[in-house]
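Trainee: I have a protein model open and would like to go through it step by step. Where should we begin?

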Amino acid sequence: MANKLVEAEELMKKAQKCMKTSFLKWSPDVDSAVDYYTKAAVIYRNFKKSQEAADLYIKIADLHAQNGSFFHCAKAYESAALLYRDLNDYYKVIDCLETAGRIMRQNGIPDSATTLYSKGAKLLETAKPEDSAHFYGLAAETSELEEKYLQAADFATQAARVWVRMRRFKEADEQLRRAMHLAASDTSDEATQTAYKVSGKAVVALVIIKL
């Protein structure tokens, strides 16, 4: 173990060296720095050094952003979020997930953003249910922008489920009505039956809430 941790420290030193400039080296070697930092982060993660690994993934994300590699930037934030979860640092988990999703949406990869929001919502259901519902809502919003209305309706229903569990019936009501609207927005023939089912379930849930 000690030898591997020493190796991680050496990799970090190499990464730092790659980022230095000089009279003969006008620009940093970002790609090599990312490679060294990533190898170090993997070592820390494998040895349950979650704080060190998470902090490195934040650094890696910043370097990917400098390089214009926004998908990899977002994935590094996602990796950091999972490690902060292991540390029970949910403030940073939420911040990393929101940052990753925003980067994906702003750079034309909404499918990946939807998947990220969905994973984040499931990750937070027990520890941070309010934030979980928020991420289900973001997944619904992103799916709607792609005109994936039934998928969006499903995420809105998931958000409602979490709100109901918290006895936040006003928010649940809003999400269920949103799910009905989204399901009705899909006019394709093959989606009609599914839309009826989604709307039917939402109506039943609304009736139960109002009782």
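Mentor: Among contacts between residues at least 6 apart in sequence, 54% join residues at least 24 apart. Keep in mind that this is a predicted model.

Trainee: Which secondary structure does the protein have, and how many helices and strands are there?

Mentor: From the N terminus on, the elements run α-α-α-α-α-α-α-α-α-α. The count is therefore zero strands and ten helices.

Trainee: What share of the residues is buried?

Mentor: A residue counts as buried when its relative accessible area is under 20%. Of the 211 residues in the protein, the buried share is 40%.

Trainee: How are H5 and H7 oriented to each other, roughly parallel or roughly antiparallel?

Mentor: Helix H5 (residues 90–106) packs against helix H7 (residues 129–145) at about 5°, and their axes are 12 Å apart. Angles under 35 degrees count as roughly parallel. H5 and H7 are therefore roughly parallel.

Trainee: Which residues of H5 make the contact with H7?

Mentor: On the H7 side, the residues include Phe135, Leu138 and Leu145. By class, the contact has five nonpolar, two polar and four charged residues. The H5 residues are Ile94, Leu97, Glu98 and Arg105.

Trainee: How far apart are the end C-alpha atoms of helix H9, and what span should its residues give?

Mentor: H9 covers residues 169–185, which is 17 residues. At 1.5 Å a residue they should span 24 Å, and this agrees with the distance between the end C-alpha atoms, 24 Å.

Trainee: Which residues of H9 are buried?

Mentor: An α-helix has 3.6 residues a turn, so residues three or four places apart point the same way. The buried residues of H9 are Ala172, Asp173, Gln175, Leu176, Ala179, Leu182 and Ala183.

Conventions: Residues numbered from 1 in each chain as written. Predicted model: local features only at pLDDT ≥ 70, side-chain atom pairs only at ≥ 80, totals over all residues. Heavy atoms only, no water. Helix = DSSP H or I, 4+ residues; strand = E, 2+ residues; numbered from the N terminus. Expected span 1.5 Å × (residues − 1). Buried < 20%, exposed > 50% of the residue type's maximum accessible area, 1.4 Å probe, protein only. Contact = heavy atoms within 4.5 Å. Axes fitted to C-alpha atoms, helices over the stretch in contact; angles between N-to-C directions. Parallel < 35°, antiparallel > 145°, perpendicular 65-115°, else oblique. Nonpolar A, V, L, I, M, F, W, Y, C, P; charged D, E, K, R; others polar.
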